[in-house]
Amino acid sequence: MLSVMTAIGDDGGLRRWRLAAGLACLMFGLPSVAPAQTRAYCHITAIEKERLPNAVQLTIRADGLMATDVQSSHFFNTEASRAGQWERMGRRITEIPIRITNARSRVGSIANVGIYPVSHVEVTVPPDAPEGVGVNVNIVLYKSAVTREIRLPGDRWNFWGGNEPPPYISIEMGQDRRSVVVIVTSDRPTPTPERRRTPSDPEDRTLEVSASRGLVSIYALDADLRDLVRELSAVTGVSITAAADLERTVSMSLDSVALDDALDCIALTYGASVSRTGQTVHLADASISAMADYRASEIAEIPLRYLSPEAIRNSLPDVLLGHVRINGGRNSITVSGSAAIIEKVREDVAKLDKPIPMIEVCATAVDFDDSEDLNAVIRGRLAWQGGLAAAGTDLGDITYSSMGPDAPDLQVLLSALIARGRARVRSEMRSVVLNGETARLFVGREQRIAAQFYDFWSEDLTTRIMTLSVGTSLEVTPWTAGKGSVTAAVRAEVSTIASRERGTGNPTVAQRMTDTTIRLSDGETLYIGGLDVDQQGGVDRSVLLGGIRIPRTRGASASRFGVFVTMRTLPGSTTARDGASAHHKG
C-alpha cells in the first residue's frame, strides 16, 4: 500500500492515492468519513386535530423552522386575479396540498381525522426530494371547499367572495414558524365530541350478573364495561375478553336473555364490536383505531345504483364518517365496524339509493315581427294573477308567466305564424336532465375582440383576445319530488355591445339579468319576456333598452322576442337515466 501511496504525480496519481487510501481504511479497519448532509432540515413531529364549534382545525407541527410551498393556481383562479376579476377567483377543491420543502417526516403516512368536512391527512415524500428532504402534506376533504385565506411566507392570498357557500379553507403559518394551522369551516354544525362518563367510586357502583338455564340477567349502574365482561365470563363459563382500551361506563338492566343477545345489546348501545373465534368472544371499540379493534370488526362493500359514493357518505350521520370509505371506481362504499353498524348502514343506504327523476326541458325562442302577434299568442293564456310576474332589475324588466299545462292551441298558433313568415324560431332546445342539473339555451353570437387589460401581477397593460357572448341566454335547473309539480331556478340574461371606451377600445356590454325560482305543474309552459336584443349596425339614433342608450340601425326591426319553456317529469326515470340526452338547434 505504501508503494502505491508514494506514487503520486499527476492528477491520475492523485486519484490512485485516494483509491489506495480507501482500500487502506477497509484493510486496517480505519473509520471512513460519510458525506456531510448538505441541507438543513427539520422534522414533522405531529399532525393535531381539534373540533371547533363550526369548523375543524388541523395543526402541522415541526421541531424546527418550516419552509412551505403551495401552488396558488390549485387554490385560486389566478387568471381571473391577473385580470382583476376578483369575484371569479374562487376555486372549489377537495384536497389541500401543502409542501414542507425542508422537512422529513416522523409521523405516519395516514392521519385519520374523520370530522366533517375533513376526512384524513396523507403524508408522503415526493420522488424528487433531494436527499429525502421534502414532505407533501395532503389534506383530503369530504366535500369540496373554497379557499378564503392563505398566510404563508411568500404566499399571501385573500378571497372573500360573498356568493361562495361553505366549506371554507384558511391556511396560516404560526408566529414561531414551527406550525402550520389549517382551518376548514363547515357548511353544517359540527357535533361536539362524545364525552364518556368515567366509572364512579367503587362504593357507588352496582353490578349484578347471574346465569340460569342458558340465560343471563344483568343489572348495572355506573359499572365499568370490562368488569361486566369479566363477570359474564365467570357466570357463563364462556371465554369473554375486552380490549384494554375499551373504556365505557355501563348502566343497563337485562332479565333472562340469551348470552349472544346480551353481548349484541352491549355492543350496539356502547359502540363496541363483537368477534367470535371458536369458543372465545372478544369485545373491542367499534371504531378501528388499533389492530385489536380491526380483528374484532367486520367489513362489507355496499354497491350503489343511482347515487354517487360521495353523496351517500355525506348523507349519513357524522358519527359514521370514520366507518365509511368511498370506492369511486366500483361506485360503492366500504363499511367497517360491528355487524350491527354494517347492517344499519346497509338499511339506510337502501332508503337513500333511489332512482333519480329525469326531467325533460323544452325551450323555444321565438322572434315575432310585430308585438301584436306576440300579444295574440299570450293573450288569455297567462295563468298567473295579473297576467305577468315582473322580475325587475335596475336595467329593465324581465317578465315571467305560466301559460297553463299542455297548451296545444299555443303550438298551433305559433306554427301558423311561422308558416306565414310573421314569426321565426331563433333557437330550440330539448334536453333531458337529472334532477337538480342545468339545461342551457343561448341565442346570439360569440364575438372576439382585442381588448386591453391591466395585469395586476406585472402592473402593466396587455392586449388580449376576449370572447364575448352577445345575445340571450337562459339556464333552467329543475327539481321534482315526483308529485305532479316541478320547481325550477331560472336565470335569464340578455347582453349586447353598447359602445367602446375611448382610448383602450374595450367594449361596454349592456346586460339585463335576473335569477328567480318558480313552481309549475308538470307539463306546464312558462313564458319569459323582456329579453329583446336590438340588432346593431350603422348608428342613426338610439333607443332606451333597460335604462341604457344603445345605438340602433336606421329602420331597425321592432320585433318582439319571447321564450317558451315546458318542463315535464319523464315516466320511468329509472330506465331513462342511462339514456339522458340533449338536443339543441338554432
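In which sense do S19 and strand S20 (residues 332-337) pair, and over how many bridges? The legends below describe a predicted model, and the first of them gives the answer.

View 1. S19 and S20 pair in the antiparallel sense, over 4 bridges. Within this pairing, Ile 326 stands opposite Ile 333 in S20. Strands of a sheet pair through backbone hydrogen bonds, in either a parallel or an antiparallel way.

**View 2. The loop between S19 and S20, with Asn 331.** Asn 331 is not a glycine, yet its phi is positive, at about 50°. Its relative accessibility is 26%, so Asn 331 counts as partly exposed.

**View 3. The largest nonpolar core, with 39 residues.** Ile 96, Ile 171 and Val 180 have the most contacts inside this core. Several strands each supply at least two of its residues, among them strand S1 (42-51), strand S4 (92-100) and strand S11 (179-185). S8 gives the most, with 8 residues. Ile 171 touches residues including Phe 75, Ile 96, Ile 98, Ile 150 and Val 180, not counting residues up to four places away in sequence. A second, separate core has 26 residues, including Val 216, Val 229, Leu 263 and Ala 284.

**View 4. Tyr 116, Pro 117 and Tyr 142.** The peptide bond from Tyr 116 to Pro 117 is cis, with omega near 10°. Pro 117 is found in the loop between S6 and S7. A search of the whole structure finds 3 aromatic pairs. One of them is the stacked pair of Tyr 116 and Tyr 142, at 6.3 Å centre to centre with 5° between the planes. Tyr 116 lies in the loop between S6 and S7 and Tyr 142 in strand S8, so the pair ties together parts that are 26 residues apart in sequence. Both tyrosines, Tyr 116 and Tyr 142, are buried.

**View 5. The aromatic pair of Tyr 527 and Phe 564.** This pair is tilted, with 5.6 Å centre to centre and 45° between the planes. Because Tyr 527 lies in strand S29 (residues 524-529) and Phe 564 in strand S32 (residues 560-569), the pair ties together parts that are 37 residues apart in sequence.

**View 6. A cis bond between Pro 166 and Pro 167.** Omega of this peptide bond is about 10°. Pro 167 lies in the loop between strand S9 (155-158) and S10.

**View 7. Glu 131 in the loop between S7 and S8.** Phi of Glu 131 is near 55°, a positive value in a residue other than glycine. With a relative accessibility of 39%, Glu 131 counts as partly exposed.

**View 8. Arginines over tyrosine rings.** The charged end of Arg 104 sits over the ring of Tyr 41, 4.5 Å from its centre. Arg 148 has its charged end over the ring of Tyr 168, 3.6 Å from the ring centre.

Note on methods. Residues numbered from 1 in each chain as written. Predicted model: local features only at pLDDT ≥ 70, side-chain atom pairs only at ≥ 80, totals over all residues. Heavy atoms only, no water. Pairing = 2+ DSSP bridges. Core = buried A, V, L, I, M, F, W, Y, C linked by side-chain atoms within 4.5 Å. Buried < 20%, exposed > 50% of the residue type's maximum accessible area, 1.4 Å probe, protein only. Contact = heavy atoms within 4.5 Å. Phe/Tyr/Trp six-rings, centres within 6.5 Å; stacked < 30°, edge-to-face > 60°. Lys NZ or Arg CZ within 6 Å of the ring centre and 35° of its normal.
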